[in-house]
Amino acid sequence: MIELTELEHDTISELINIGVGRAASSLSEMVDQPVELTVPAISFVERFSDSELANAPTEVVSAVSQSFHGPFTGEAMLVFPEVRSLELVRSLLKVDVPLDTLTDLEQEALMEVGNIILNACLGSISNVLGEPINCSMPTFRKRETRALLDDETAGGSAATNPVLMILHVQFMLRQNDIDGYVLFVMDLESIQMLRELVRRFLANSLG
């Protein structure tokens, strides 16, 4: 299991915090209301079922996913409980209609939000570490939480010994109490590379 020093942990958290903060500003303009974000909480688990996020395994969630490639590779996901995702869609569209009429628009609207937030997070890491990171086009999925990572997103075969780096960010729209979280999935080799790049950044910054 990965063990980060306090300084490494704080640096990765700050990298994500900068990116999510920029994304919150853009999202606030899209929904025309303040958006508050909690400080990202980072944890590492061997299986998604080990995380606190899987405490409601049958809860249906909507997720936008993008794979990323660079000095390290993996999958980034923006996940919302289904009901909250529809509330967000209604806020984005600025219409007051029943939630069950919005399902046809959910995928397109959430992919736009996911593209903004996930690219902001990865862009922040890329800019600070000075390493290019390329992202795929976003994809959408809706399923029970326990099945969220039951396919190729789980980091490949069991032989690659995947580790989930989980960043939990709570979104708070004052009028809707909408919340979601960002999930990064990387194998051990990629997480170790990220840590090495963070160490290099700290060494250059601290002299």
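In this predicted model, the axes of helix H1 (residues 6–31) and helix H2 (residues 82–93) come within 7 Å and cross at roughly 65°, where axes are lines fitted to C-alpha atoms, for helices over the stretch in contact, and angles run from 0 to 180 degrees between N-to-C directions. H1 is therefore roughly perpendicular to H2, a term covering angles of 65 to 115 degrees. Leu27, Met30 and Val31 of H1 meet Leu88, Ser91 and Leu92 of H2 in this contact, with contact defined as heavy atoms within 4.5 Å. By class, the contact of H1 with H2 comprises five nonpolar residues, one polar residue and no charged residues.

Strand E4 (residues 74–81) is largely enclosed by the rest of the structure, because eight of its eight residues are buried, that is, under 20% relative accessible area with a 1.4 Å probe and protein chains only. Gly74, Ala76, Leu78 and Phe80 point one way from E4, whereas Glu75, Met77, Val79 and Pro81 point the other way. In a regular strand the side chains alternate between the two faces of the sheet.

E4 runs antiparallel to strand E3 (residues 60–69), to which eight bridges join it, and a hairpin of four residues links E3 to E4. Within this pairing, Ser65 has Met77 of E4 as its bridge partner. E4 is also joined by five bridges to strand E9 (residues 181–187), again in an antiparallel arrangement, and Leu78 has Val182 of E9 as its bridge partner.

Residues are numbered from 1 along each chain as its sequence is written, and side-chain values use heavy atoms, with hydrogens and water left out. Because the model is predicted, local features need pLDDT of at least 70 and side-chain atom pairs count only at pLDDT 80 or more, while totals for chains, interfaces and linings use all residues.

Definitions and conventions. Buried < 20%, exposed > 50% of the residue type's maximum accessible area, 1.4 Å probe, protein only. Helix = DSSP H or I, 4+ residues; strand = E, 2+ residues; numbered from the N terminus. Pairing = 2+ DSSP bridges. Parallel < 35°, antiparallel > 145°, perpendicular 65-115°, else oblique. Nonpolar A, V, L, I, M, F, W, Y, C, P; charged D, E, K, R; others polar.
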